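This report looks at one interface and at the salt bridges of a complex.

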Amino acid sequence: MTGPLESALAELLERFHDGQPVALGRAISLVENERPGFQDFLHEVLRVGPRAARIGFTGPPGAGKSSLLSMVATNCRTQDEQLGVVAVDPTSSYSGGALLGDRIRMSDLATDPGIFIRSMATRGSLGGLATTTKEVLDLMDAFGFDRVLIETVGVGQTELEITAAADTVIVVLVPESGDAIQTMKAGLMEIADIFVVNKADRPGADRLVKDLRQGLHLRAATAIESAPAHHGLDLARIMRKESCEEPRGPGWSPPVLSTVAQSGEGVEDLMDTIKAHRFWLEESGELEERRRGRRKVRIQDVVDRELRRTAWRSDTVLAELDQGLERIQKRKDTPYSVAWDILDRLLR
Amino acid sequence: MQSIDQQIRVLVAKPGLDGHDRGAKVIASALRDAGFEVIYTGLHQSPEMIVNAAIQEDVHVVAMSILSGAHMTLFPKVRELLDGAGANHILLTGGGIIPVEDIEDLESRGIGRLFGPGTPTTEVIDYIQDWFEDQETS
Amino acid sequence: MSSIEESTSTSSHLLALLKEQEDELSELKERLSRWEQSCADASEREILFSTVSGREIKPLYTLLDRTSSQYQDALGLPGEYPFTRGPYSTMYRTRLWTMRQFAGFGTAEETNERYKYLLRQGQTGLSVAFDFPTLMGFDSDHPRSLGEVGVCGVAISSLHDMERLFDGIALDEVSVSMTINGPAIILFCFYVVAAEKQGISPGVLRGTVQNDILKEYQAQHAWVFPPNPALRCIVDMFEWCSENAPKYNPISISGYHIREAGATAAQELAFTLGNGFEYVERAIARGLDVDAFAPRLSFFLDVHNDFFEEIAKFRAARRIWSRIMREKYHAKNPESWRLRTHAQTSGVTLTAQQPENNIVRVAYQAMAAALGGTQSLHTNSMDETHALPTEKAVRVALRTQQVLAFESGVPNTIDPLAGSYFIEALTDELERDALEIFDEIDRFGGVVPAIEEGWFQREIAMSAMLQQREVEAGDRVVVGVNHFTEGSEEVEIDTLRIDPEIEKNQVARMAELRERRDPEAVERTLRELRESSRTGENLVPRILECARAYCTLYEIRRAMEDVFGSYKEPVFF
């Protein structure tokens with residue numbers, strides 16, 4: 001593990017560092033399929049620290065996540081930022097296949113060399129991202145993008161995984177999702193850095209904005225008060241304007257914005273807010289905190305996965321398992337005692 | 001379900017300006033039901049858009065549906081751009097309203113099999129699966 | 001006899017009649033159930049008895065299947081409300097349906113020559129097929145047009161091309177139908193100015209422009225602008241035509257493409273009429289009098305394989321349209337209630353295998369269209385699954401209509417299948433289905449929100465997938481494809497080819513035009529168009545000015561797009 005790369009991967013790495021899109025495409029497949037050597041490749045790539053701003057878009061189906069992401073992407077491109085985009089769609093549990101259609105909404109950006117879009121299928125993962133989305137974000141970051149945008153599956157339930165993947169989580173809602181939100185409100189409040197009420201030209205939008213602000217207010221009222229220092233960007237103005245209250249809680253109170261992604265209305269405000277959040281993340285030390293948390297989870301994930309792999313690919317462990325099953329049948333053991341025996345052997 | 005431990009990824013694309021996407025959608029759904037990951041580009045794609053998508057999505061296969069009669073321009077153009085971008089490993093196949101002589105001509109120029117109207121989707125699935133297995137073993 | 005006695009005697013007579021009928025019905029019920037029992041043991045053939053649209057079909061229909069209330073209410077007489085039996089009182093006894101074959105390829109000159117040939121053969125109507133770049137609003141020299149110029153139709157990028165298309169053809173003598181939607185308002189203006197250059201005023205122009213943008217979003221996908229500005233342009237044309245070109249049909253509300261994309265018969269019927277009502281509502285909202293524009297609304301339906309269901313579809317369409325136009329939109333002019341339609345045989349039913357079989361498919365479909373009471377008909381050519389049709393194939397398709405018209409006897413009687421228990425039951429069922437689908441559209445808040453949610457698109461794709469599954473499972477027999485395939489391997493068919501030189505020539509001509517015209521006039525008229533697009537002003541006069549200045553199709557499109565934005569395909573999986 002993490003020794004020198006075999007030659008094909010070394011060559012891929014070279015082309016990757018050289019900035020060839022084909023190499024990034026192939027590297028993502030390598031990681032996504034967990035092909036031999038993928039961890040070594042990631043190890044090489046992660047030598048460069050994270051620098052891209054990672055922005056997640058989540059929310060119920062039909063909220064217009066792709067359209068909004070597309071507007072934000074277009075806006076970033078006018079600032080000449082290099083962009084990576086990951087869009088996640090569900091894998092069919094029946095066939096194992098998937099239909100990935102998120103590119104359709106981004107067709108305006110389809111020939112822009114400054115943007116790289118990758119569609120991923122969940123492949124059985126349930127938290128709103130694919131199993132290896134976080135690794136793919138690392139690849140995009142290391143490839144040199146200034147910003148990486150992630151769109152979750154959006155099948156209805158609150159998709160918590162995005163908080164572990166993105167620095168800024170945008171929860172996108174529409175007036176029609178009003179009722180659905182009641183049930184998922186608590187979860188949404190936990191994960192959102194920014195709320196966007198999209199399709200705000202439709203009836204019920206104002207009401208939803210008000211409801212959300214009220215919900216946030218109630219929540220904030222019970223949080224610990226700590227006034228952050230804000231300068232540079234007029235953070236205070238944005239916070240006052242959007243959430244009708246001084247920033248609260250750990251220093252950031254999620255603003256509620258309105259947009260109409262189809263026409264681009266409200267997108268500039270959203271851009272400002274994203275910038276403000278970034279600024280706050282950096283100034284407050286929260287960004288480093290979040291990155292540290294991500295690294296910790298990654299280490300745990302790798303250990304978990306490797307333990308599992310080592311265990312279930314080892315002939316002695318498998319033999320132990322078989323014998324254990326026999327002993328359980330003869331009432332000499334229980335699943336717990338057998339498990340302890342196996343762990344004992346593995347960790348010794 | 002496919003037997004191989006790697007997902008086959010296919011880009012289903014509608015190049016050119018014709019909007020007849022019934023075939024493209026039926027084939028996209030059938031490929032999904034056969035266990036493939038299908039990236040659908042949507043309509044009105046230029047060759048450059050298709051090739052960009054194929055590279056970013058790192059697909060094994062690009063399947064184009066053309067009913068506009070522009071096949072003699074579009075298939076070779078996409079092939080040329082794929083090769084130019086270092087993606088000569090990608091299979092370019094497709095279907096639509098294409099005269100038999102043109103199919104033969106295109107197939108002799110490095111384009112994969114082309115399927116006419118009324119082709120059972122299973123035939124397309126088998127073709128892609130066989131091609132993929134050949135690739136993996138060779 | 002006093003009048004009281006008279007009426008008493010009449011009513012007792014009626015009562016007796018009713019009693020007799022009731023007895024007859026209950027006897028029929030009894031006999032029918034005995035008959036059903038006697039058939040119960042028979043094993044039916046193992047094929048689908050449902051239609052391609054998934055409608056279950058019973059082995060027998062009787063008097064008991066009539067669901068509509070009174071004869072007069074549901075059927076009426078030909079040319080009378082509710083027009084179930086036909087839009088005109090004498091139908092094909094006085095005038096056969098128009099045999100209108102859609103044509104256009106290559107450059108304006110080539111198509112012009114073809115039109116002159118057709119006119120010399122006695123054809124009185126022309127039907128223009130545009131190439132894909134034109135349909136999408138691109139000039140022939142735009143990079144996106146590469147490889148498609150003049151391939152599937154004629155390339156028209158400016159007034160200059162339109163003038164050449166009709167050079168030497170008197171536009172006050174022929175009716176011209178133009179299949180164009182996304183940029184319809186622009187091509188329409190080219191056409192009006194081309195006539196103007198011949199010294200012909202719009203008041204005498206006859207013809208139709210398809211101009212049905214809603215079905216583009218739903219099925220055919222040749223759109224340019226988003227729904228609301230696109231609908232505004234359509235209403236602008238309704239308004240302008242009702243004042244300036246009263247003999248011209250500013251729209252042909254089309255189910256054809258919806259059906260071809262996969263919809264069922266009921267979906268085709270409901271989506272098409274639903275679109276029609278949307279146009280009506282938009283025009284009324286503009287303040288137009290319904291009777292000022294509704295008589296010029298025309299329709300275009302598909303004729304698919306299921307013979308009886310297709311006939312019933314035409315009848316149901318007329319009944320629904322007239323009832324809703326009268327009752328909901330309060331149209332007073334009977335012309336506003338009358339649904340007139342063009343029809344085309346179904347392209348998707350044609351097979352690449354054993355293409356000669358397609359002649360037979362087209363013949364049955366054509367007969368269904370005539371029995372359904374269409375006003376004009378295009379029959380497809382047998383080789384269209386391989387390429388553009390050859391002249392010979394087109395001739396066979398036309399002859400198919402002529403055999404039907406002159407040898408079969410079909411046109412001799414008006415609505416000859418009326419009163420058939422089966423046909424009337426199907427007509428009623430289709431009407432019921434359509435009304436249910438209207439309710440679903442209403443739940444979205446109308447046609448446009450349902451389009452934005454991708455509802456139509458998903459419904460159509462789902463129906464297409466179900467049909468494909470039936471065929472692939474072998475449950476639905478397709479002759480030469482999944483059964484009777486001997487001989488399917490050898491296809492010998494001539495194909496028409498478009499010379500790639502055409503694109504080069506057309507591109508060169510565009511460069512020439514851009515050199516020759518007055519750049520100041522181009523700039524000024526485009527600027528004015530952009531300004532008017534921002535206000536609510538009717539755009540037709542502005543675009544006519546652009547056309548006169550020889551602005552190109554794409555230039556005009558861009559000017560409008562600057563204000564309107566462009567349409568993005570919603571994701572629908």
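A salt bridge here is a side-chain nitrogen of Lys or Arg within 4 Å of a carboxyl oxygen of Asp or Glu. The model is predicted. By that rule, B:D33 and C:R469 form a salt bridge through their side chains, at 3.2 Å from N to O. The rule finds 1 salt bridge across the interface of chain B and chain C. Polar contacts there join 9 residue pairs, both residues at pLDDT 80 or more.

Helix 1 (22-33) of chain B is among the elements that touch chain C. With 5 residues, helix 1 gives the most to that side of chain B. The side divides into 14 nonpolar, 15 polar and 7 charged residues.

In total, 36 residues of chain B and 39 residues of chain C take part in the contact. The buried area is about 2900 Å², with 57% from carbon and sulfur atoms. On the chain B side, B:L17, B:R22 and B:K25 lose the most area, together 26% of what that side buries.

Over all chains, the whole structure holds 85 salt bridges. Three of them are listed here.

| B:E136 | A:R35 | 3.8 Å |

The C:D141 and C:R514 pair links distant parts of the chain, 373 residues apart. C:R514 lies in helix 19 (residues 501-516) of chain C. C:D141 is partly exposed, at 28% relative accessible area. C:R514 is also partly exposed, at 31%. Elsewhere, shared partners join A:E32, A:R103, A:R118, A:R123, B:R9, B:E37 and B:E57 into one salt-bridge network.

How values were computed. Residues numbered from 1 in each chain as written. Chains lettered and ligands numbered in written order. Predicted model: local features only at pLDDT ≥ 70, side-chain atom pairs only at ≥ 80, totals over all residues. Heavy atoms only, no water. Contact = heavy atoms within 4.5 Å. Buried area = accessible area lost by both parts, 1.4 Å probe. Polar contact = N/O pair within 3.5 Å; in protein donor to acceptor, adjacent residues only side chain to side chain. Helix = DSSP H or I, 4+ residues; strand = E, 2+ residues; numbered from the N terminus. Nonpolar A, V, L, I, M, F, W, Y, C, P; charged D, E, K, R; others polar. Buried < 20%, exposed > 50% of the residue type's maximum accessible area, 1.4 Å probe, protein only.
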